[in-house]
Amino acid sequence: MANLNIPEWLKKLGEDFKESGFELSIVGGAIRNQLLNLPVKEWDLTTNARPDKIEQIIRSFGCKKIGTIGKRFGTITGEFNSEPIEVTTYRSEDYSIDSRKPIVEFGSSLEEDLARRDFTVNAIAYDLEKNKLIDPYDGQGDIEDKIIRSVGDARDRFNEDPLRMLRAIRFMVQLNFEIEPETLGGIKVEKERFAILSSERVAGEMDKILLASKPSRAIEVMVETGLINYILPELLPSINIEFEAHQHKDIYHHILQVLDQTPPIIELRWCALLHDIAKPQTRRRVGNEWHFLGHENVGSRTAKNVLRRLKYSNEFVDYVSKLVYLHQRIPNDDGLWTDGAVRRFVRDAGETLDDLFAFAEADSTGGNQVKLAKYKAGRDKLKERIAKLEEEAEIAKIKSPLSGEELMEMFHRPAGAWIKPIKEKLLEMVLDGELKEDDKEKAAEIARQLVRDNPIQT
Ligand code: ATP
Ligand code: MG
């Protein structure tokens, strides 16, 4: 099945390692993605050379932007012709970045290094010297069958580094694979270990999950395995909570549907996941309908807490919680908004305006056809009104090219009734397109002519 396309420069790099007496293999995502005919984002490489040696070899090879942050763990990063590479010394003992004393034990063989990797599909190497695939766990078979399977015993592997549980789910949605039953079972058993992880590592995987084409599958597996309790327990109350009377859909499934329909922009995807999170708390029955008064307000606060807990930047937290706070405004437009209400909305939305429209679109397509048509008509009208008001606001900002002060200085005259007709004439000419707003020279000429025709009375 091998369908590999190894760039010439990587083969040369392999020769440089060999000349210095070291091995070099391509591993991880680069091989996996090539076997799947997917683009390669970065080249993960592994070698028996120690980090200092790696740094030296890739530097003299001509790699740029060499990074040594991961040196402690055996990793040196760099770029060749803008293609990112990540070279790691073989490791044997597994480690956890989150434990106080990370154990990093360098290994001596490629086989040993592959044994500590997370999933069979990620434990395939391409030996650049022997020009062949080294695949001790039949990762190629699992790629063919579209399966995510732990290397070795899933429970042990998840216990060593609990992030692997979330990585399994991430690869499942990114590659559209299934998680093999024992691996899935391992998540159910080891999920409590998840609590030791740093927020940054969790958020990194969450972002990749949310940007997949169908992230709802990942959320469903998190709920099914119970992993959600350690990531987003706030989602649980929405399960089985009726949302629209007689629609046979609960809030949770509405959230999942909107999530998949939202454009793959990370802020919007987080907004989708969190937008109705406070509906269970705010639900009240009014006649035949459910009302969720103030859910966007409570939800926006919950969104803030969730994203802060995951250590997103303040800017990100503010942006997403603002989207959640405002997500109802467009669908709630009843066509009766005053111009003032429209202006206030545009001002409140600020930089989020376009994203709010994009999100409202995704949020509305879950409803029934009558509601949807009504929403779309309302939304288009609102867009038109915003455009018109913005145009008017632009027009309102147009001024006479010469201010009262400038005219007073020009004609050496004090303030008085003489100024207004000149300014008005100039403004009118700008509006008629006969004079540019910034053409002070031509405006001065015209002003002089006006004064000559109608001498200033003092
Ligand atoms: P991506 O396409 O996202 O880069 P990737 O598989 O290359 O996917 P990386 O996070 O770049 O993922 O890791 C590179 C390789 O290192 C993985 O393929 C896997 O073999 C190994 N690896 C990464 N993280 C872990 C981990 N937590 N436990 C075990 N092996 C890991
Ligand atoms: Mg990678």
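This is a predicted model: local features need pLDDT of at least 70, side-chain atom pairs count only at pLDDT 80 or more; totals for chains, interfaces and linings use all residues.

Reader: Gln-328 is in the loop between helix H15 (314-326) and helix H16 (339-349). Why is Gln-328 called buried?

Author: Its relative accessible area is 18%. Buried means under 20%, so Gln-328 gets that label.

Reader: And Tyr-137, why is that one called partly exposed?

Author: Tyr-137 has a relative accessible area of 30%. The label covers what lies between buried, under 20%, and exposed, over 50%, so Tyr-137 is partly exposed. You'll find Tyr-137 in the loop between strand S7 (132-134) and helix H5 (139-145).

Reader: Which residues does Tyr-137 touch, not counting those up to four places away in sequence?

Author: Leu-114, Ala-115, Thr-120, Ala-123 and Val-151.

Reader: How is the protein chain divided into domains?

Author: Into domain 1 (1-145), domain 2 (147-231), domain 3 (249-397) and domain 4 (404-457). The centres of domain 1 and domain 4, taken over C-alpha atoms, are separated by 73 Å.

Reader: On to ligand 1. What makes the approach of Arg-164 to ligand 1 a polar contact?

Author: A polar side-chain atom of Arg-164 is 2.7 Å from a nitrogen atom of ligand 1. The cut-off for a pair of N or O atoms is 3.5 Å, so this pair qualifies. Arg-167 also puts a polar side-chain atom 3.1 Å from an oxygen atom of the ligand, while Asn-122 has a polar backbone atom 3.1 Å from a ligand oxygen.

Reader: How much of ligand 1 does the protein cover?

Author: 84% of the 580 Å² of accessible area that ligand 1 has on its own.

Reader: Which residues come nearest to ligand 1, and from which domains is its shell drawn?

Author: Of the 17 residues around it, Arg-32, Asp-44, Asp-161, Arg-164 and Arg-170 come nearest. Domain 1 and domain 2 each give at least three residues to the shell. Helix H7 (163-175) gives the most, with 4 residues.

Reader: What is the make-up of the shell by class?

Author: 13 charged residues, 3 polar and 1 nonpolar.

Technical notes:
Residues are numbered from 1 along each chain as its sequence is written. Chains are lettered from A and ligands numbered from 1 in the order in which they are written. Side-chain values use heavy atoms; hydrogens and water are left out. A residue is near a molecule or strand if one of its heavy atoms lies within 4 Å of it. A polar contact is a pair of N or O atoms within 3.5 Å; within protein, one must be able to donate a hydrogen and the other to accept it, and residues adjacent in sequence count only if both atoms are side-chain atoms. Accessible areas come from the Shrake-Rupley method with a 1.4 Å probe; for residues, only the protein chains shown count as cover. Helices (H or I, at least four residues) and strands (E, at least two) are DSSP runs, numbered from the N terminus. Ala, Val, Leu, Ile, Met, Phe, Trp, Tyr, Cys and Pro count as nonpolar, Asp, Glu, Lys and Arg as charged, and the others, Gly among them, as polar. Domain bounds come from an automatic or database domain assignment. Buried means under 20% relative accessible area, exposed over 50%, partly exposed in between (1.4 Å probe, protein chains only). Contact means heavy atoms within 4.5 Å.
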